[in-house]
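Please look at the sequence and the model together before reading on. The report below moves from the chain as a whole to a single residue.

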Amino acid sequence: QVLSLPIVVIVHGNQDNNAKATVLWDNAFSEIERVPFVVAERVPWEKMCDTLNLKFMAEVQTTKGLLKEHYFFLAQKIFNDHSASPEDFQNRSVSWAQFNKEILPGRGFTFWQWFDGVVDLTKRCLKSYWSDRLIVGFISKQFVCKLLSSTPDGTFLLRFSDSEIGGITIAHVIRGKDGSSEVQNIRPFSAKDLSIRSLGDRIRDLEQLHNLYPNTPKDQAFGSHYNKEQTGKD
């Protein structure tokens, strides 16, 4: 006899996401000499961060992993705690229920379903942008407002959608003549949207976008990602 790697049998493609969560948790957190099928119910948050980072880099096939500020945002999301500091999360543990059983507040999906959607979108449409560090990605709408509110008109950044699975949105600042600022979020783009017209070309199309946060002209930041426009008979 020999112990196999974890296997999950599913009967429909819509179970694939939950099956991947089970396999990931078992691979990452089960003890080597464990009794078969016995897996920890809770794991240290730091260990979870390492697992999410390895999963992201392996799936997207990038050398640019998650940063400390990304982990902080993910911790706020999975623990539903926006008052704790990054240090407060270091000693916490996360449960299987928090990972892929409990629905996120105000949403219709779990933490893992959301994260897996981000990984899939990045793998399919955003690998080069992520690898060039053009996408902040894991950041809250509230913190985006704080960052952009003091920047010049047309400053923007890219963040993964909180409300949709597998969506990326552009947040940008608009300044009124009286100097007041308003941060707007463009409707999230899905993988289907980006397969029709790439993210770089969409950014070029939007004339209200001027500088990638903090102050890089958009043509300088995204120029290498623009597709050559076809003209005339082409």
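## How to read the model

This is a predicted model, in which local features need pLDDT of at least 70 and side-chain atom pairs count only at pLDDT 80 or more, while totals for chains, interfaces and linings use all residues. Residues are numbered from 1 along each chain as its sequence is written, and side-chain values use heavy atoms, with hydrogens and water left out.

## The chain as a whole

The chain holds 10 helices and 7 strands, where helices (H or I, at least four residues) and strands (E, at least two) are DSSP runs numbered from the N terminus. Its C-alpha trace spans about 70 × 50 × 30 Å along the principal axes.

Of the 234 residues, 44% count as buried, a term for under 20% relative accessible area, whereas exposed means over 50% and partly exposed lies in between (1.4 Å probe, protein chains only). Among contacts (heavy atoms within 4.5 Å) with a separation of 6 or more, 52% come from residues 24 or more positions apart.

## Phenylalanine 138

Phenylalanine 138 sits in the loop between helix H6 (111-131) and helix H7 (141-148). Why does phenylalanine 138 count as buried? Phenylalanine 138 counts as buried because its relative accessibility is 2%.

Leaving aside neighbours within four places in sequence, the residues in contact with phenylalanine 138 include Phe56, Leu66, His70, Trp114 and Phe160. Arginine 34, by comparison, is 104 residues from phenylalanine 138 in sequence and 35 Å from it in space, C-alpha to C-alpha.
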